[in-house]
Amino acid sequence: GATVLDLFAGSGALGLEAISRGASHATLVDIGRASIAAIDANVAALGLADQVTVHQADAMRFVERLVPGQFDVALADPPYTVPFAERLVVAFLARPFARLLAVEHPGSVALAGGDTRRYGDTALTFLHAP
């Protein structure tokens, strides 16, 4: 029954997987046209149009408009080439737009304020809203 936000959604796999595990709704955000096309195709193939909202937008600007607690869970897999993970954590700590934020990032990057688990060169950091 959770509401899920999938930032830097790519193919939408994280948000769509959340629905398959019982989330009631997923909002998927990505700026790339190819990503939006892939998301739209995946949503159509799975018949989930009534449970998914898709936004072609800059994920960092998108989170600036969110209100605290707007989502139950936020998932993010930002590109490693730009410090989006760090910026996302700062935005979340300033205004926690979900009860839980999970961010994938390079294992070499330390994100403050959360529980980090490392898997080879990749890390996942989980932050809970206060």
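Me: Helices (H or I, at least four residues) and strands (E, at least two) are taken here as DSSP runs, numbered from the N terminus. With that in mind, where is the place of Phe8?

Reply: Phe8 lies in the loop between β1 and α1. Before going further, note that this is a predicted model, in which local features need pLDDT of at least 70 and side-chain atom pairs count only at pLDDT 80 or more, while totals for chains, interfaces and linings use all residues. Residues are numbered from 1 along each chain as its sequence is written, and side-chain values use heavy atoms, with hydrogens and water left out.

Me: Why does Phe8 count as buried?

Reply: The term buried means under 20% relative accessible area, exposed means over 50%, and partly exposed is what falls in between, with a 1.4 Å probe and protein chains only. Phe8 has 14% relative accessibility, and therefore counts as buried.

Me: What is the phi of Phe8?

Reply: Phe8 has a positive phi of about 55 degrees, although it is not a glycine. As background, most residues other than glycine have a negative phi.

Me: How do you know which class of accessibility Ala37 belongs to?

Reply: Ala37, which is placed in helix α2, has a relative accessibility of 47%, and so it counts as partly exposed. The C-alpha atoms of Ala37 and His128 are separated by 32 Å, the two residues being 91 residues apart along the chain.

Me: What makes Leu7 a buried residue, and which residues does it touch?

Reply: Leu7, whose place is in strand β1, has a relative accessible area of 0%, and it is therefore buried. Contact means heavy atoms within 4.5 Å, and, not counting residues up to four places away in sequence, Leu7 touches several residues, among them Val29, Ala59, Phe62, Leu88 and Phe97.

Me: How do you know that β1 and β2 pair?

Reply: Two strands pair if DSSP finds at least two bridges between them. Strand β1 (residues 3-7) is joined to β2 by five bridges, and the two strands run parallel. Val4 has Ala26 as its bridge partner in β2, while the bridge partner of Leu7 in β2 is Val29. Strand β2 itself (residues 25-30) is mostly covered, since five of its six residues are buried.

Me: What makes a crossover right-handed, and which β-α-β unit does β2 make with β3?

Reply: A crossover is called right-handed if, with the strands pointing away from the viewer, the path from the first strand over the helix to the second runs clockwise. The unit made by β2, helix α2 (residues 33-46) and β3 is of this right-handed kind. Five bridges link β2 and strand β3 (residues 52-56) in the parallel sense, with Leu28 opposite Val54 and Val29 opposite His55.

Me: Why are β3 and β6 said to stand at the edges of the sheet?

Reply: The open sheet has seven strands in the order β3-β2-β1-β4-β5-β7-β6, with mixed pairing. β3 and β6 (115-119) each have a single partner strand, so one side of each is left without a neighbour in the sheet. From one strand to the next the twist averages 15 degrees, where axes are lines fitted to C-alpha atoms, for helices over the stretch in contact, and angles run from 0 to 180 degrees between N-to-C directions.

Me: Which strands does helix α4 lie across?

Reply: Helix α4 (residues 84-94) lies across β1, β4 (71-76), β5 (98-106) and β7 (122-128), and it runs at about 165 degrees to β5.

Me: How do you know that the radius of gyration agrees with that of a compact globule?

Reply: The radius of gyration is taken over C-alpha atoms, and the globule rule is 2.2 Å times the number of residues to the power 0.38. For 130 residues a compact globule would have a value near 14 Å, and the protein has 14 Å, so the two agree. The C-alpha trace spans about 40 × 30 × 25 Å along its principal axes, and buried residues make up 42% of the 130 residues.
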